[in-house]
Structure formats: C-alpha cells, structure tokens
Amino acid sequence: SHKVYLVQPKFPPSYWGLEHFMALTPYGAVFPPLGLLTLAALTPPEFPVTLCDENAGDVVDLDTDAGIVCITGYIIQIKRVLDLADQFRARGKTVVLGGPMANLLPAECRQHCDVLFEGEAEYTWPRFLKEYAGGRHADHYVEHDKIHMPDSPPPRLDVLNRRYAHGIVQCTRGCPFTCEFCDIIVMYGRKMRFKPVEQVLKEVQAWHRRGMTQVFF
C-alpha cells in the first residue's frame, strides 16, 4: 500500500506537555506535531497521509492499511517509540524512524525499524518515497548537509484531527550557543539558518485561517 501513517507517540508527563492542565481546556494538546506536518507536506499526492498524535487523544491504529508507518520521537519517548515500532513491524509494515531520537541514538533505533532517517528530511524523504514506489528503497537515509531553509515547505494542516492550544511556526534552525544539555546543535548545527520572512508570514496566515489565535515561534 502507498498509504503513509505518521505517528507521534505519547510523551511521559512533563512540564512542557501540561498534561494535567489540558484536561481543563477544550484542547487535545498544547502543540501540533510540526515535524510530521512538514513530512506530510513533503509527501507527494499519490501517497495518502494519515496522522496520529497520541498526545492529543488519537488512538494508534495498529491495524492501519497503510504500508508505510513513520514514527518520530524525542529520547524521552524512547520506550513508546520502540514499542510501537516493534508492534507495527510484527504486522508486516515498513517502519520508518526519524526525528531527534533517531539522530541521537541511531544504533538503538536501527534494530527496531526497516528504514532509519538521520539528518533533516526535506530531500531524503521524497527520495525514499520515490524509491519505495519503484520497489527498491534503501534502509538508511542520511542527510549530511544542512538543508536550504526555503526548501522546507509550509506544514500541511489539513491532516490534523484535533484541536491544539497553539499553532507552531519554525523560523530558524541551528543555534550559536553551546548549552551542554541541548540536542539542537547536534541535529541542526551551530550556524543559524533563517526561513524567508514571506514564508513565515504565509504559515502564520494558514494557522489563522484554521481559527488559531496564538502561534508559537
């Protein structure tokens, strides 16, 4: 099947998730899963996309008819990420792992997926889908260079099923600082790269059209 199932696994309760407070609000979660929405935007129309955000209340459909299951995650989510990856593989799905965890712990992720993505996915994800459609994809895609920011498309908002407290817009990648606890510089480098202002404004307008009154930059 050429269908793609994008999964954002549950986070354990943390300061950032405001899990106990969210129950008092009309929202499913604070932030939409921007990485997966960007991946959806990079996916050509012949690959229908479904999004599952466990944090916002979506239930993971282990029996999805999608042939490709793509799971992202931070290290804090490792247990759930690998558990889901194993369950989907047992069902014969092509399981793809990417995101911070895959970049920082590739060896641990390698044993639990069919395809591992390291680095930014703007160029490698469309390449993988093309190769998958042709029946000859690789099991590891690495983007060694930092991508050109204008090549990162606006996130695809039509795949969202839940209400979120904030819209979310990424304006830059990379950071000049050297905080020892942070993974940003490992994944995105120390040099700041900027998305064109016109594109940032377009993304803000798209969230506004969805009825979002607050946007997190």
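Which glycine takes a positive phi just after helix 6? In this predicted model, the residue is glycine 135, with a phi of about 75°. Helix 6 itself spans residues 124-133 and has a set of buried residues.

**Helix 6**
- The buried residues of helix 6 are Thr124, Trp125, Phe128, Leu129, Glu131 and Tyr132.
- These residues lie on the same side of helix 6, because they cover an arc of only 165° around the axis.
- An α-helix has 3.6 residues a turn, so residues three or four places apart point the same way.

**Surface patch**
- Leu18, Phe21 and Leu24 make up a nonpolar patch on the surface.
- Together they have about 320 Å² of accessible area.
- Leucine 24 sits in the loop between helix 1 (19-22) and helix 2.
- Leucine 24 counts as exposed because its relative accessibility is 69%, and the cut-off for exposed is over 50%.

**Methionine 149**
- Methionine 149 is in the loop between strand 6 and strand 7 (167-168).
- Methionine 149 is buried, with a relative accessible area of 3%.
- Beyond its neighbours within four places in sequence, methionine 149 contacts Cys171, Thr172, Arg173, Arg193, Phe194, Lys195 and Gln199.
- Isoleucine 76 is 73 residues from methionine 149 along the chain, and their C-alpha atoms are separated by 27 Å.

Conventions
Residues are numbered from 1 along each chain as its sequence is written. This is a predicted model: local features need pLDDT of at least 70, side-chain atom pairs count only at pLDDT 80 or more; totals for chains, interfaces and linings use all residues. Side-chain values use heavy atoms; hydrogens and water are left out. Buried means under 20% relative accessible area, exposed over 50%, partly exposed in between (1.4 Å probe, protein chains only). Helices (H or I, at least four residues) and strands (E, at least two) are DSSP runs, numbered from the N terminus. The arc is that of the directions from the helix axis to the C-beta atoms. Patches are made of residues with over 30% relative accessible area and no salt bridge: like charges are joined within 9 Å, nonpolar side chains (Val, Leu, Ile, Met, Phe, Trp, Tyr) within 5 Å. Accessible areas come from the Shrake-Rupley method with a 1.4 Å probe; for residues, only the protein chains shown count as cover. A salt bridge is a side-chain nitrogen of Lys or Arg within 4 Å of a carboxyl oxygen of Asp or Glu. Contact means heavy atoms within 4.5 Å.
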